[in-house]
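Please read this report with the sequence and the 3D view side by side. It goes from the whole chain to single residues.

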Amino acid sequence: MDFEYSAKTKDLMDRVSAFMDQHVYPNEHRFEAEVADGDRWQPTKVIEELKAKAKEAGLWNLFLPESARGAGLTNLEYAPLCEIMGRVAWAPEVFNCSAPDTGNMEVLERYGTEEHKKQWLAPLLAGEIRSCFAMTEPDVASSDATNIESSIRRDGDHYVVNGRKWWSSGANDPRCKVFIFMGKTDPGNPNRHAQQSMIIVPRDAAGVTVLRHLPVFGYDDAPHGHGEVLFENVRVPLSNMLLGEGRGFEIAQGRLGPGRIHHCMRLIGLAERALEKMCKRVKSRIAFGKPVAQQTVTLERIAEARIMIDQCRFLVLNAADKMDRYGNKVAAKEIAMIKVAAPNMACKVIDWAIQAHGGGGVSNDFGLAYAYAGARTLRLADGPDEVHRNQIGKLELQRTQ
Ligand SMILES: Cc1cc2nc3c(=O)[nH]c(=O)nc-3n(C[C@H](O)[C@H](O)[C@H](O)COP(=O)(O)OP(=O)(O)OC[C@H]3O[C@@H](n4cnc5c(N)ncnc54)[C@H](O)[C@@H]3O)c2cc1C
């Protein structure tokens with residue numbers, strides 16, 4: 001096994017890091033100030049300006065493997081780049097590599113028709129519009145997607161879509177022009193995994209109403225946000241169906257793998273940054289006659305954080321490699337493993353960094369409270385820990401005769 005990044009990857013890592021140093025870190029305050037100024041739900045100028053710069057620098061759409069439309073990187077090559085972007089919550093969008101768009105673009109690339117690609121994938125890849133993935137529903141336990149109750153009913157040359165979704169990330173963004181919507185086309189099918197389909201719903205279709213945004217621990221995540229959305233008798237052409245009726249789970253399997261591993265890659269970057277902040281703080285802060293860094297509990301935590309971050313990085317790289325070599329389906333166990341490991345690791349590391357900062361840690365001055373809120377959601381979003389552990393456990397049992 002060769003643990004060295006390739007020359008191509010190293011070059012891109014240098015370029016993404018240099019871009020972060022030059023354009024992203026110096027603008028962290030500007031981003032916050034722009035969101036706080038006026039209508040929070042309008043796109044920021046800073047991101048739009050930086051998107052143009054990233055495109056110019058050739059640091060654009062780095063996420064899309066096995067497609068001439070992407071940058072030609074494998075998951076393994078993309079992993080360290082995504083990690084670097086993950087150090088700042090809004091940075092991935094600058095490189096057109098942010099959730100939920102990357103997952104949605106993968107769906108359109110892998111399962112969309114040429115017409116879907118022209119209408120939706122092209123403007124998404126150009127960073128002109130954004131998108132939303134609408135699966136989770138307030139009324140049912142959506143960690144078991146067979147419970148999803150929304151309906152997609154055929155009526156002549158249209159489908160009629162009805163349902164209430166929540167945690168539809170990005171729905172509040174005025175640039176969000178398209179939803180990938182999951183619902184039942186065949187609720188009576190004895191095979192519960194063949195009941196669901198995914199369909200494209202334009203944001204401006206009659207009957208789509210964003211009811212409210214849902215804050216996370218009080219953070220609104222503006223201008224991106226997470227919405228509760230009502231779909232009332234929304235009519236879309238038959239051609240908006242993705243892959244075919246009853247094939248929603250097949251798409252979910254394809255979509256959620258990449259989406260999940262990207263979250264984990266970003267979480268490693270977020271944890272690295274928290275550890276850096278922690279080390280910086282404890283070296284300069286004196287308590288009881290010596291720097292906090294010299295309290296053995298601090299050293300223990302720093303050491304443990306380093307071990308945990310590196311463990312996770314290796315697990316993520318292993319999962320990425322398996323996806324590249326054998327496909328997302330075969331890598332399901334490795335993806336489930338990192339989806340449990342990375343958010344738990346990041347929560348722990350960020351929590352230690354918060355503790356080392358004292359009261360400052362829970363303020364907005366160091367970005368740690370917000371980082372914790374983000375990492376904590378990923379123990380739920382894209383499937384709660386327990387569901388992934390169940391899957392890992394079952395696969396492990398299958399190995400034992
Ligand atoms: C910030 C954020 C962003 C999100 N973005 C999106 C998005 O863009 N699109 C979208 O569709 N959804 C999104 N989600 C929703 C997310 O994917 C769901 O919240 C998640 O799948 C869990 O579903 P649920 O909330 O219905 O929890 P439930 O299904 O009600 O589960 C509740 C709890 O029950 C327990 N549980 C469930 N199953 C098992 C089991 N088998 N064994 C043991 N315990 C179990 C777990 O502890 C779980 O947390 C987002 C969520 C958050 C917080």
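## Basis

The model is predicted: local features need pLDDT of at least 70, side-chain atom pairs count only at pLDDT 80 or more, and totals for chains, interfaces and linings use all residues. Residues are numbered from 1 along each chain as its sequence is written.

## Overall fold

The protein has twelve helices and nine strands. Helices (H or I, at least four residues) and strands (E, at least two) are DSSP runs, numbered from the N terminus. The C-alpha trace spans about 80 × 60 × 40 Å along its principal axes.

The radius of gyration of the protein is 21 Å, which agrees with the value near 21 Å for a compact globule of 401 residues. This radius is taken over C-alpha atoms, and the globule rule is 2.2 Å times the number of residues to the power 0.38.

Of the 401 residues, 47% are buried. A residue is buried if 20 or more other C-beta atoms lie within 10 Å of its own, exposed if 12 or fewer, and partly exposed in between, with C-beta atoms placed from the backbone. Among contacts with a separation of 6 or more, 73% join residues 24 or more positions apart. Two residues are in contact if their C-beta atoms, placed from the backbone, lie within 7 Å.

## Domains

The protein is divided into domain 1 (7-100), domain 2 (130-242) and domain 3 (249-399). These bounds come from an automatic or database domain assignment. The C-alpha centres of domain 1 and domain 3 lie 20 Å apart. Their contact takes 15 residues from domain 1 and 20 residues from domain 3. On the side of domain 1 that touches domain 3, helix 4 gives the most, with seven residues. That side of domain 1 has ten nonpolar, three polar and two charged residues. Here Ala, Val, Leu, Ile, Met, Phe, Trp, Tyr, Cys and Pro count as nonpolar, Asp, Glu, Lys and Arg as charged, and the others, Gly among them, as polar.

## Helix 4

Eleven of the eleven residues of helix 4 are buried, so helix 4 is largely enclosed by the rest of the structure. The cover over these buried residues includes helix 1 (7-24), helix 5 (91-94), helix 8 (248-284) and helix 9.

The axes of helix 4 (residues 75-85) and helix 9 (residues 296-326) come within 8 Å and cross at roughly 145°. Axes are lines fitted to C-alpha atoms, for helices over the stretch in contact, and angles run from 0 to 180 degrees between N-to-C directions. From helix 4, Asn75, Leu76 and Ala79 meet Val316, Leu317, Ala320, Asp321, Met323 and Asp324 of helix 9. By class, this contact of helix 4 with helix 9 has six nonpolar, one polar and two charged residues.

## The ligand shell

Which residues are closest to the ligand? They are Met135, Ala141, Ser143, Ser169 and Glu386, out of 22 residues that surround the ligand. A residue is counted as near if its C-beta atom, placed from the backbone, lies within 6 Å of the molecule. Strand 1 (130-134), strand 3 (158-169) and helix 12 (385-399) are the elements that give two or more residues to this shell. The shell divides into eleven nonpolar, nine polar and two charged residues. Domain 2 and domain 3 both give residues to the shell, so the ligand lies between them.

## Single residues

Val216 lies in the loop between strand 6 (208-213) and strand 7 (226-237). Leaving aside neighbours within four places in sequence, Val216 is in contact with Asp221, Ala373 and Thr377. Val160 is found in strand 3. With the exclusion of residues up to four places away in sequence, Val160 touches Arg153, Asp155, Asn233 and Arg235.

| Residue | Other C-beta atoms within 10 Å | Class |
|---|---|---|
| Asn61 | 22 | buried |
| Val216 | 17 | partly exposed |
| Val160 | 17 | partly exposed |
| Asn233 | 11 | exposed |

Asn61 has a positive phi of about 50° although it is not a glycine, and Asn61 sits in the loop between helix 3 (45-56) and helix 4. Asn233, in strand 7, has a positive phi near 45°.

The peptide bond from Ala99 to Pro100 is cis, with omega near 0°. A cis peptide bond also joins Ala222 and Pro223, with omega about 5°; Pro223 lies in the loop between strand 6 and strand 7.
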